[in-house]
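Colleague: I have just opened this model and would like to learn how to read it. Could you walk me through it?

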Amino acid sequence: MFELLGVPPQALFGQVLLGLINGSFYAILSLGLAVIFGLLNIINFTHGAQYMMGAFVAWMALNYLGLNYWAALIVAPIVVGAVGIAIERLLLRRIAHLDHLYGLLLTFGLALIIQGLFRNQYGSSGLPYAIPPQLSGGQNLGFMFLPNYRAWVIVASLVVCLGTWFLIEKTKLGSYLRAATENPTLTQAFGINVPLLVTLTYGFGVALAAFAGVLAAPIYSVNPNMGGDLIIVVFAVVVIGGMGSIMGAIVTGFALGLVEGLTKVFYPEGAATVIFVIMVLVLLVKPAGLFGRQA
Amino acid sequence: MKLKTLLATGLLAAVMASPAVAQQISIKAGVLNDRSGLYADLSGEGSVIAARMAVEDFKAADKGIKVEIVSADHQNKPDVGSTIARQWYDQDGVDLILDVPTSSVALAVSQITKEKNKILINSGAGSSDLTGKACTPNTIHWTYDTYALAQGTGGAMVKAGGDTWFFMTADYAFGQALERDATAVITKAGGKVVGSVKTPFPGTDFSSFLLQAQASKAKVIGLANAGGDTVNSIKQAGEFGITQGGQKLAGLLTFISDVHALGLQAAQGLVLTEAFYWDKDDQTRAWSQRFAKANGGKMPTMVQAGVYAGMLHYLKAVEAAKTKDTAAVVAKMKATPTDDALFGKGSIEANGRTIHDMYLYEVKKPSESKGPWDYYKLVSTIPGKDAFQPVAESGCNLPK
């Protein structure tokens with residue numbers, strides 16, 4: 001049989017698809033980071049913890065309130081987004097005029113505190129969360145068995161990513177946002193409430209992370225470290241795509257998921273490092289990232 | 001003046017002669033494990049609680065032995081673990097280190113312990129190299145090792161007809177040792193290993209590796225990983241219909257905390273090897289209930305039970321040797337048969353390997369379980385001498 005680099009093509013299709021599915025998580029998470037960085041100029045290290053909180057809120061909603069997965073998909077982003085808004089109002093706002101580094105340190109510290117609190121309460125080995133019955137099972141595509149849930153993940157994330165892109169790049173609200181990013185003082189002079197815009201944007205970015213967390217709950221272990229493990233990779237994705245670029249974050253997210261997936265086939269030992277190798281190469285050649293604007 | 005001196009001397013002599021003071025031995029024990037990462041639930045604070053229970057149960061204070069317990073987080077990183085071990089031994093006066101899960105860290109701490117001539121009673125780590133080619137006169141390996149896991153789960157699966165295997169191996173010392181030991185058992189029993197993949201540690205998404213395992217058509221997919229990696233692998237194997245396709249999963253190292261995290265729905269039917277199960281008999285139940293009360297309702301893992309038993313045996317040896325001198329205590333520990341409520345009767349071999357029975361359990365169906373933590377049914381008991389590697393074959397060159 002015809003083989004490509006020692007792997008039958010059917011197997012390769014399966015791996016490509018899996019790579020794209022993992023890429024959807026990178027895409028939603030890096031999108032949230034890019035949106036926040038674009039407007040607030042804050043490198044939101046709490047993002048991983050907020051993703052984890054999304055998964056935990058889904059679990060709590062199910063076990064304490066009896067709300068199913070579909071309700072959690074809406075409730076969790078709202079709850080975690082509200083927590084994000086509180087963080088922005090109470091903490092981030094106070095250091096907005098300081099250097100980037102302060103925001104980074106504050107959000108990193110917050111992430112450690114949040115993870116620690118959840119670890120104290122729920123332990124580190126995780127909580128069970130089942131796939132919703134409507135999406136259990138899967139389709140035999142000939143070259144692979146595709147679980148329905150994974151197909152849903154890829155569709156949901158594409159819709160959310162493109163919706164966000166449309167909102168920011170093509171709507172009036174988006175134009176305010178972009179204007180406030182460019183020149184907040186001037187935008188405020190035109191009668192637009194920039195502080196409110198900033199707060200809502202942060203809340204929205206955080207809600208995106210929580211949404212990804214709910215999507216992840218049925219397939220990954222729901223544990224307090226789930227975000228910490230992922231966030232470093234997502235930062236690499238954002239750096240490769242270019243800080244603050246919306247489309248860059250989406251495209252790079254999916255593309256790097258793909259690259260990582262293929263590495264798992266050809267050189268599994270390197271799968272955890274390949275993204276960082278690419279990051280180094282991109283930084284050497286295009287320091288602003290693949291889609292970034294040169295500062 | 002003379003009278004005063006006389007009185008003082010007499011008083012001093014009286015104090016010196018009183019037995020409590022004459023035998024006073026102070027011990028500082030360090031519990032070094034993962035307190036924040038993927039192994040924190042199976043070792044972590046629970047192991048500290050277990051060590052403290054051993055000191056209480058031994059009534060150390062009444063026997064003139066003063067024990068202080070300290071603990072630290074090695075974050076599963078050999079460099080962090082080594083730094084803490086050195087500081088404990090050099091500056092903080094720690095006499096022995098307990099637990100140390102994560103084989104790469106354990107191997108490093110074992111060498112430092114030898115260099116400083118202290119004692120390591122390992123419970124959490126798996127690599128059989130600790131009492132094999134990397135053995136030292138200062139390391140006791142209590143609870144389990146990769147050889148015993150391979151004998152238990154590996155042997156049972158081959159016997160049940162699973163004679164072709166594909167390994168998903170966590171890419172570090174423990175995973176590699178487990179794959180090596182399991183391969184030996186499988187080949188010896190007439191089975192064959194058709195492939196393996198090394199997965200980055202720790203990992204989140206195992207679907208790509210599961211697909212490779214599926215394509216290999218092996219009857220058994222051996223999970224040579226632990227903790228969160230095992231939980232994610234099993235969860236995702238269910239999602240991709242691996243078990244419905246007729247392939248079996250062998251979780252070579254699955255702790256009760258992993259089963260708890262997976263839920264019985266996802267974990268049912270798994271065959272696993274354990275050195276200890278809380279619901280085994282009256283003694284283990286009584287101890288475990290006490291433990292759970294101190295540990296937020298969570299039942300002990302075999303690692304935590306091993307810390308208790310190891311600490312208890314150490315204290316017995318100190319009492320018998322009437323000193324905490326390393327060589328004397330280790331010699332006593334090896335010469336005295338082990339006997340405690342959790343692991344029963346056993347012994348410690350010349351290479352530091354503790355020999356006790358191991359158990360093959362199957363995870364219950366949700367309908368069979370009476371409540372939280374009622375997870376296992378016994379398949380068979382593996383006598384200690386069959387479960388663990390004979391000293392002669394271990395590759396350890398310590399004199400008897």
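Modeller: Gladly; we will go through domains, the chain interface, salt bridges and accessibility.

Colleague: What should I know before I start?

Modeller: This is a predicted model, so to speak of a local feature we need pLDDT of at least 70, and side-chain atom pairs count only at pLDDT 80 or more, while totals for chains, interfaces and linings use all residues. Residues are numbered from 1 along each chain as its sequence is written, chains are lettered from A and ligands numbered from 1 in the order in which they are written, and side-chain values use heavy atoms, with hydrogens and water left out.

Colleague: Into which domains is chain B divided?

Modeller: Domain bounds come from an automatic or database domain assignment. Here, chain B has domain 1 (26-144 + 280-357) and domain 2 (148-278 + 358-387). Their centres, taken over C-alpha atoms, are separated by 26 Å. In contact, meaning heavy atoms within 4.5 Å, are 35 residues from domain 1 of chain B and 32 residues from domain 2 of chain B.

Colleague: How much area do domain 1 of chain B and domain 2 of chain B bury between them?

Modeller: Buried area is the accessible area (1.4 Å probe) that two parts lose on being put together, summed over both. For domain 1 of chain B and domain 2 of chain B the value is about 2,600 Å², with 69% of it on carbon and sulfur atoms. Lys280(B), Met302(B) and Asp357(B) supply 26% of the area that domain 1 of chain B buries against domain 2 of chain B, more than any other three residues.

Colleague: Which residues does Arg180(B) meet in salt bridges?

Modeller: Arg180(B) meets Asp129(B) at 3.1 Å, N to O, and Asp181(B) at 3.1 Å, N to O. Between domain 1 of chain B and domain 2 of chain B, the count is 1 salt bridge.

Colleague: Is Asp181(B) buried or exposed?

Modeller: Buried means under 20% relative accessible area, exposed over 50%, and partly exposed in between (1.4 Å probe, protein chains only). Asp181(B) has 8%, so this residue is buried, whereas Arg180(B), at 37%, counts as partly exposed.

Colleague: Where does Arg290(B) lie, and what is its partner?

Modeller: Helices (H or I, at least four residues) and strands (E, at least two) are DSSP runs, numbered from the N terminus. Arg290(B) forms a salt bridge with Asp57(B) at 2.8 Å, N to O. This pair links distant parts of the chain, with Arg290(B) in helix H12 of chain B and Asp57(B) in helix H3 (residues 44-58) of chain B, 233 residues apart. Arg290(B) is partly exposed at 38% relative accessibility, and Asp57(B) is partly exposed at 28%.

Conventions:
Salt bridge = Lys/Arg side-chain N within 4 Å of Asp/Glu carboxyl O.
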